[in-house]
Amino acid sequence: GQCIMVCPTGALHEQNDSQKVWDALADESKHVVIQTAPSIRVTIGEMFGMEIGSLVTGQLVTALRRIGFDKVFDDCFGADVVVMEESYELMERLESGKDLPQFTSCCPGWVKFCETYYPSMIDNLSSCKSPQQVFGALTKSYYAERAGIDPEDIFCVSTMPCVAKKYESQRPEMDSSGFRDVDAVLTTRELGEMIKQVGLDITNLPEEEYDNPMGYATGAGVIFGSTGGVMEAALRTAYEKITGERLKDFKLESVRSDDFREAEIDLKDGKSLKVAVARGTSNARKLIHKIMSGEADYDFVEVMACPAGGCVGGGGQPIYSGRDKWMRMFSDRVKRAEGLFKADEEKEHRVAHENPYIKQLYDEYLGEPHSERSQRLLHTPYVDRQMYTRDERYSVKKNEKMKV
Ligand code: SF4
């Protein structure tokens with residue numbers, strides 16, 4: 001409990017939710033739905049002795065179905081919805097010139113860090129919830145309505161690479177459908193243990209497909225699991241909407257790796273889009289100070305709290321001990337990220353707005369991105385958690401000159 005109060009990223013929110021999920025699965029009155037985060041498909045195989053970065057999407061779906069989940073959905077669908085909402089929001093901000101740069105908001109560690117140390121920048125955070133919460137809100141509204149199930153009877157589980165996602169799911173505001181978006185969050189390690197407990201081995205399971213309507217995602221949704229991926233996914237859609245052309249440099253190598261990257265994208269109308277990606281909170285801090293001091297004028301900034309590769313190196317992923325621990329930590333994350341980008345390349349659709357199920361969701365239920373219903377279900381306010389410390393630099397206001 002104390003950790004939740006003091007951890008600026010929520011990453012100390014360690015608690016094991018497996019029993020809660022076993023109880024829900026045993027309760028016949030519950031319709032238990034699970035969403036799998038992008039990076040789980042390239043990391044869970046490691047828990048069964050497979051090579052690092054092995055892509056086991058189909059085997060993972062089979063394992064979850066055999067454990068007894070009523071529907072196995074893909075959190076990447078939620079990521080595709082986030083791309084729609086976030087790219088629309090970016091276009092609105094570019095037009096009005098207000099609250100730029102837009103910060104991505106899918107990493108709860110980064111969101112809480114920003115709320116705690118830089119509350120004067122919270123209007124710059126995209127108001128869109130993270131894929132996990134977007135997915136949960138749609139499960140208890142859109143899916144419940146389509147399937148004719150009382151949302152009260154739905155138990156929504158997510159499996160995440162991340163310990164801070166447990167904290168995020170419990171934020172009081174994450175219930176705008178009238179029901180808690182997500183009821184339990186399992187880390188990769190907890191899920192791996194559950195699969196082992198029922199005697200299944202990922203390595204020798206057949207491959208099955210996700211359920212629909214929330215199981216089909218584009219490559220854009222899949223690459224959310226790596227740093228630079230969230231930015232790239234949103235840019236694919238924003239660029240096409242602004243210029244009418246497909247983003248040629250599809251892989252945007254210039255923003256995909258290293259600790260801090262920036263790029264300028266020509267929008268073909270005399271304007272350009274300046275983007276930056278930071279991983280790890282120390283790099284985020286440097287980047288914010290550059291923005292506050294006026295040294296940098298970015299339009300769109302992605303921050304992921306985990307220093308090595310974003311979610312592929314998240315606190316809930318398989319971990320190693322021993323002498324070569326640090327060497328492995330870095331090399332493994334590169335391999336896991338490669339696995340995700342390979343999954344992206346194999347996808348039939350690679351831009352979120354071409355996902356037929358996303359089109360259907362907007363046509364039949366949400367209307368437009370940022371519609372009244374989207375705003376209510378998929379967007380969220382943030383909280384000023386200003387933490388005063390002896391170090392005065394944490395309490396500076398936006399645009400104040402400062403020394404980094
Ligand atoms: Fe969680 Fe780390 Fe991913 Fe942020 S970067 S969502 S803290 S795993």
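## Secondary structure and burial

The protein chain has 14 helices and eight strands; helices (H or I, at least four residues) and strands (E, at least two) are DSSP runs, numbered from the N terminus. This is a predicted model, in which local features need pLDDT of at least 70, side-chain atom pairs count only at pLDDT 80 or more, and totals for chains, interfaces and linings use all residues. Residues are numbered from 1 along each chain as its sequence is written.

Of the 404 residues in the protein chain, 49% are buried. A residue is buried if 20 or more other C-beta atoms lie within 10 Å of its own, exposed if 12 or fewer, and partly exposed in between, with C-beta atoms placed from the backbone. Among contacts in the protein chain (C-beta atoms, placed from the backbone, within 7 Å) between residues at least 6 apart in sequence, 78% join residues at least 24 apart.

## Nonpolar core

The largest nonpolar core holds 103 residues, and Trp110 and Val157 have the most contacts inside it. Helix H4 (residues 75-96) supplies the largest share of this core, nine residues. Such a core is a set of buried Ala, Val, Leu, Ile, Met, Phe, Trp, Tyr and Cys residues joined through C-beta atoms within 7 Å. In soluble globular proteins, nonpolar side chains tend to be buried together.

Beyond its neighbours within four places in sequence, Val157 is in contact with Val21, Val32, Val33, Ile34, Asp183, Ala184 and Leu186.

Strand S4 (residues 154-160) is largely enclosed by the rest of the structure, because seven of its seven residues are buried. Ile154, Cys156, Ser158 and Met160 point one way from S4, while Phe155, Val157 and Thr159 point the other way. In a regular strand the side chains alternate between the two faces of the sheet.

Strands pair if DSSP finds at least two bridges between them. S4 runs parallel to strand S1 (residues 31-36), with six bridges joining them, and Ile154 in S4 is the bridge partner of His31. S4 also runs parallel to strand S5 (residues 184-187), with four bridges, and Ala184 in S5 is the bridge partner of Val157. From S4 the chain passes through helix H7 (residues 164-169) to S5 in a right-handed β-α-β crossover; right-handed means that, with the strands pointing away from the viewer, the path from the first strand over the helix to the second runs clockwise.

## Mixed sheet

An open sheet of four strands has the order S3-S8-S7-S6 and mixed pairing. Its edge strands are S3 (102-103) and S6 (260-266), each pairing on one side only. S3 pairs with strand S8 (residues 300-304) in the parallel sense over two bridges, and Val301 in S8 is the bridge partner of Phe103.

S6 and strand S7 (residues 272-279) run antiparallel and are joined by seven bridges. Glu264 stands opposite Lys274 in S7. The two strands form a hairpin with five residues between them, and Lys268 in the turn has a positive phi of about 65°.

## Ligand shell

The ligand is surrounded by 13 residues, of which the closest are Cys107, Gly109, Cys162, Cys306 and Gly314; a residue counts as near if its C-beta atom, placed from the backbone, lies within 6 Å. The shell has nine nonpolar, three polar and one charged residues. Here Ala, Val, Leu, Ile, Met, Phe, Trp, Tyr, Cys and Pro count as nonpolar, Asp, Glu, Lys and Arg as charged, and the others, Gly among them, as polar.

## Backbone exceptions

The peptide bond from Leu100 to Pro101 is cis, with omega near 0°.

Notes:
Contact = placed C-beta atoms within 7 Å.
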